[in-house]
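Subject: Structure for your review

Dear colleague,

Please find below the structure that I am handing over to you. I would ask you to keep it open while you read the notes that follow.

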Amino acid sequence: MNSKLFLLGLSIFFFVSCQSSQTDPINPVLPIPDERQLAWQEMEFYAFAHFNMNTFTNMEWGMGDEDPALFNPTEFDPKQWAKVCKEAGMKGIIITAKHHDGFCLWPTATTEHSVKNAVWKDGKGDIVKEVAEAFRAEGLKFGVYLSPWDRNNPDYGTPEYIEVFRAQLRELLTNYGEIFEVWFDGANGGSGYYGGANEERRVDKKNYYDWPGTIEIIRELQPQAVIFGDAGPDVRWVGNEHGFAYPTTWSNLMRDSIYGGMPEYSKKYSSGQENGTHWVPAEADVSIRPGWYYHPYEDHKVKSLPELLDIYYNSIGRNSSLLLNFPVDRRGQIHENDVKQLKKLVAKVKEDFSQKIPLKSSNLSASSENGQYSVENLLNSEMMTFWSPKAGELPASVTINFDEARTFNRFLVQENISLGQRVKSFELEILNENKEWKSIAKETTIGYKRILRLPDTKAMAVKFTIHDAKESPVISHLAFFDAPKLLLPPEISRDKNGTVELNVIEGGLEVYYSLDGQDPIKSGKVYSEAFSVIRPTKLKAVTKDPISGKFSEMIEVDLQLAKKNWKVIGGGENAGNLIDEDPSSNYVSDQNLATIDLGEKQEVAGFTYFPMQNRYMSGLIKTYVFYTSMDGKSWQKAGEGEFGNIANSPIEQRVEFDPKEARFIKLKVKSTTDGQPASFAELGVLLTQ
């Protein structure tokens, strides 16, 4: 943000145009953002990198007793990180310079628990330096996460530790160039190593850190850096780890009522307050995987494109920035699965906003205008040019008359936040082909940016009405877009009875499928309702956008024998979860055994095992013996083996063997990956075709 431009926004109260004597001055509505906050707001989308000792111990929160020698990325490549972020349009990165375990990614003078005692580069490396240089080389910004909690330091909980913490902060803020954001976690105090004490230490989160003194250091050393925390002071936590802001999101906050780690923060303060005393906008932080740190068993759990799109529209589209985390892997690189999904997100967002409905000044009219703050300013995306109605005139509306009937499904609107966040409620109405006005959306706040995802809407005209605002609204930009449908293959589900459903993400799409191995595009049926598949069948399906005529990629699934007549023999109360066709439900066997009556004789040629899909998994089967029987009494071994990589890739396992006539099957578990009782999400059989 240019400082002269910022000062221009603040001086509007005193400005009267010599060319437009009809223009009434606009009073700023406090609180308002400062220069550093405006610059941060314009970044919108940037990266988080959780990469530290936890990466090598497979933990989320380390205890602080880890051997520094464990830290050893084999192919550390911060240039790869920077390239990935640059190509995605991200504006910078924040790295976990020190997490709760106290391990420092730079050769700090404050502790031996750092990279200077790592195997990596014989203790002569500096992760922070290399990442900062790689990102600046790409024109991107650099920020640091420094955990206030330190489970390694023997002085944690005493005044002496605060001096250590501040010394670490000074090192980061003086040795690594310009910092755009300093990130403080709200997790503080609890059990830890603490130099060998191995005890629990609680602190007064509100007063222990003397935050005003720490903030003063940052202001002195990095005056342009924003400071993140529950209470800011510059940027606040959105209150959840889903990456979602709220339908009503104020940038105003009652800052003096909040402190880091405050238990009631998420319920009372995270969405901001209409009458907040300070400008502390929301930052939505979320990981691209279930965990913040890298775990090999989550390689197949990277968020889907629909999930990532929901995050984008519910963060950036709801007056928040988006801080998307990459759990950098043990090589020291952003994993290829994460990169693949990020590219899908970026491509789809670009596509969504590529088809903008063209507007010109003659398309726009307003209920009133305050002199130079005319309605045609809405066509300019610059924040400092805006439309404002005459003082005291609410509701105030802008009508957009299209040259011809137009279809749209995205609406974007922005306020000039340099004058404060003002809008409290707004509405969209359309004029349909019957010349009738119809309401299609009623919302509350706008802020820096608000994006509405709407059904496909055809209209001759649209009316944007602000019903309530603190003072005269100052709307800097609005636009309409016709985003193409999200063309993904349908989601296939089948219940225990064999009923198959094909579901699509968006409305207005068609699904074609085949059950005979043929190409569903050429000879498939149009899906209209659920259907039954009992015997083994190859299902192929595609999604079609009838407007564009485009098809999705094809999905192909081998449906096995339906479990309609199956029964679990023994096993206890939750044994039914073993065959309920719901991968989210689990069965745990204390006997390391699963026995099933198939209901009738089958030609069994193998089995499938779907492991537990919880975030923290246990009891994954490692070695096994599989048996078949005709009467449930006399058993024959059909196969045995090992699921060699299941800990790192907990996906459905498929085992084939010579066909056996059987009515009963039994899976005997010889060992699990962690020594815990065997767990199952689903067990199935393969039949001869």
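A crossing of two helices is called left-handed if the near helix is turned anticlockwise from the far one by less than a right angle, and right-handed if it is turned clockwise. With that in mind, please note that this is a predicted model.

Helix pairs

Two packed helices are described by the angle between their axes and the distance between the axes. Helix α4, residues 78–87, packs against helix α5, residues 127–137, at an angle of about 40 degrees, and their axes are 8 Å apart. Angles under 35 degrees count as roughly parallel and those of 65 to 115 as roughly perpendicular; α4 and α5 are therefore oblique to each other. The crossing of α4 and α5 is right-handed.

Which residues of α4 and α5 meet? From α4 they are P78, K79, W81, A82 and C85, and from α5 they are E130, V131, A134 and F135. Sorted by class, this contact of α4 with α5 holds 7 nonpolar and 2 charged residues, with no polar ones.

The second pair consists of helix α9, residues 305–315, and helix α10, residues 336–352; their axes come within 9 Å and cross at roughly 55 degrees. By the reasoning used above, α9 and α10 are therefore oblique to each other. Their crossing is right-handed. On the α9 side the contact is made by L305, L308, L309, Y312 and Y313, and on the α10 side by Q341, K344, L345, K348, V349 and D352. The class count for the contact of α9 with α10 is 7 nonpolar, 1 polar and 3 charged residues.

Strands and sheets

An open sheet is formed by 3 strands in the order β19-β20-β23, with antiparallel pairing. Why is one side of β19 and of β23 left without a neighbour in the sheet? Strands β19 (491–494) and β23 (531–532) stand at the edges, and each has a single partner strand, so one side of each has no neighbour there. Strand β20, residues 499–503, is joined to β19 by 4 bridges, and the two run antiparallel. Within this pairing, S493 has E501 in β20 as its bridge partner.

Strand β14, residues 396–415, runs antiparallel to β18 and is joined to it by 6 bridges. Here L412 stands opposite A479 in β18.

With strand β31, residues 653–672, β28 pairs in the antiparallel sense over 12 bridges, and Y609 is partnered by Q653 in β31. With strand β33, residues 682–687, β28 again pairs in the antiparallel sense, over 6 bridges, and F610 is partnered by E682 in β33.

A single residue

Leaving aside residues up to four places away in sequence, V526 touches V511, Y512 and Y513. V526 and L598 are 72 residues apart in sequence and 33 Å apart in space, C-alpha to C-alpha.

Yours sincerely

Note on methods: Residues are numbered from 1 along each chain as its sequence is written. This is a predicted model: local features need pLDDT of at least 70, side-chain atom pairs count only at pLDDT 80 or more; totals for chains, interfaces and linings use all residues. Side-chain values use heavy atoms; hydrogens and water are left out. Two strands pair if DSSP finds at least two bridges between them. Axes are lines fitted to C-alpha atoms, for helices over the stretch in contact, and angles run from 0 to 180 degrees between N-to-C directions. Angles under 35 degrees count as roughly parallel, over 145 as roughly antiparallel, 65 to 115 as roughly perpendicular and the rest as oblique. Contact means heavy atoms within 4.5 Å. Ala, Val, Leu, Ile, Met, Phe, Trp, Tyr, Cys and Pro count as nonpolar, Asp, Glu, Lys and Arg as charged, and the others, Gly among them, as polar.
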